[in-house]
Each structure stands twice: as structure tokens, then as C-alpha cells.
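Hi,

Here is the model I promised to pass on. Have a look at it first, and then read my notes below.

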Amino acid sequence: MKLKRPVSEFAQRIYELRVDKVASQCDIADAIGVSKGIVSLWENGLREPTMANLIALANYFGVTLDYIVGRTDTM
């Protein structure tokens with residue numbers, strides 16, 4: 001599922017991973033210790049996560065950092 005407007009590869013990936021996992025933005029935020037608003041900003045391409053948050057996201061979704069940032073299509 002694609003977002004309706006052009007966004008970064010990271011924003012698209014995090015959105016798709018969340019939808020595939022059937023998780024809410026609140027679920028992700030609670031799991032990695034950020035606010036729901038931050039997750040929304042990431043998904044909309046308005047903010048980029050710190051390295052610590054990227055690692056937490058990759059662990060949460062069970063994917064590699066390279067996948068989550070769009071450097072590879074291999075999870």
C-alpha cells in the first residue's frame with residue numbers, strides 16, 4: 001500500500017511495516033518509547049528518527065536497518 005503523496009523511502013517503509021503488522025502509531029510509540037506524534041511525523045516524512053530510534057524500529061518490526069531506510073529490499 002502506497003502513501004498518497006511522495007515521501008521518503010523510510011516514511012513509506014515505516015508506514016507499510018506498521019500496516020502489515022496491524023499496529024497503530026500508538027502501539028509503535030509505546031513499544032519504542034516515543035510519542036504518537038513523532039511516529040506520525042516519521043510516516044509523513046516531516047522528521048527523521050535518531051539512530052537509537054531506527055534501531056528500536058528495526059528490532060520492533062524484525063527487519064534490518066538497511067531495509068527500514070530503503071537501502072535494500074531484503075528484510
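This is a predicted model: local features need pLDDT of at least 70, side-chain atom pairs count only at pLDDT 80 or more; totals for chains, interfaces and linings use all residues.

Phe10 is buried, at 8% relative accessibility (buried means under 20% relative accessible area, exposed over 50%, and partly exposed in between, with a 1.4 Å probe and protein chains only). Residues are numbered from 1 along each chain as its sequence is written, and side-chain values use heavy atoms, with hydrogens and water left out.

Back to Phe10, then. The structure holds 2 aromatic pairs (rings of Phe, Tyr and Trp, the last by its six-membered ring, pair if their centres lie within 6.5 Å; planes under 30 degrees apart count as stacked, over 60 as edge-to-face and the rest as tilted). Phe10 and Trp42 make up one of them, edge-to-face, with 6.5 Å centre to centre and 75 degrees between the planes. Phe10 lies in helix α1 and Trp42 in helix α3, so this pair ties together parts that are 32 residues apart in sequence (helices are DSSP runs of H or I with at least four residues, strands are E runs of at least two, and both are numbered from the N terminus). Trp42 is buried too, at 1% relative accessibility. Tyr60 and Phe61 form an edge-to-face pair as well, at 4.9 Å centre to centre and 80 degrees between the planes. Here Tyr60 is partly exposed at 22% relative accessibility, whereas Phe61 is buried at 12%.

Phe10, Trp42 and Phe61 turn up again in the core. The largest nonpolar core has 17 residues, and those touching the most other members are Phe10, Ile28, Val34, Trp42, Leu57, Phe61 and Ile68 (such a core is a set of buried Ala, Val, Leu, Ile, Met, Phe, Trp, Tyr and Cys residues joined through side-chain atoms within 4.5 Å). At least two residues of this core come from each of α1 (9-21), α2 (25-32), α3 (36-43), α4 (51-61) and α5 (65-68). Val34, for one, touches Ala29, Val39, Trp42 and Asn53, if you skip residues up to four places away in sequence (contact means heavy atoms within 4.5 Å).

α4 is worth a look by itself. Its buried residues are Asn53, Leu54, Leu57, Ala58 and Phe61. Seen down the axis of α4, they fall within an arc of 140 degrees, so they line one face of the helix (the arc is that of the directions from the helix axis to the C-beta atoms). What covers them includes α1, α2, α3 and α5. On the face turned away from the buried side you'll find the exposed residues Met51, Ala52 and Asn59. Ala56, also in α4, is partly exposed at 23% relative accessibility. After α4 comes Gly62, with a positive phi near 70 degrees.

Now the charges. I count 4 salt bridges in the structure (a side-chain nitrogen of Lys or Arg within 4 Å of a carboxyl oxygen of Asp or Glu). Arg13 meets Glu9 in one of them, at 3.3 Å from N to O. These two are 4 residues apart in helix α1, which means they are separated by about one helical turn. Arg13 is buried at 5% relative accessibility, while Glu9 is partly exposed at 40%. Arg13 also forms a salt bridge with Asp73, where the closest N and O atoms are 2.4 Å apart. That pair links distant parts of the chain, with Arg13 in helix α1 and Asp73 in the segment after α5, 60 residues apart. Asp73 is exposed, at 65% relative accessibility.

Another salt bridge joins Glu43 and Arg18, with the closest N and O atoms 2.5 Å apart. Glu43 sits in helix α3 and Arg18 in helix α1, 25 residues apart. Glu43 is buried with a relative accessible area of 4%, and Arg18 is buried at 14% relative accessibility. Through shared partners, salt bridges join Glu9, Arg13 and Asp73 into one network.

Arg13 lies over the face of Tyr67, 4.0 Å from the ring centre, and the charged end of Lys21 sits over the ring of Tyr60, 4.5 Å from its centre (NZ of Lys or CZ of Arg within 6 Å of the ring centre and within 35 degrees of the ring normal).

Cheers
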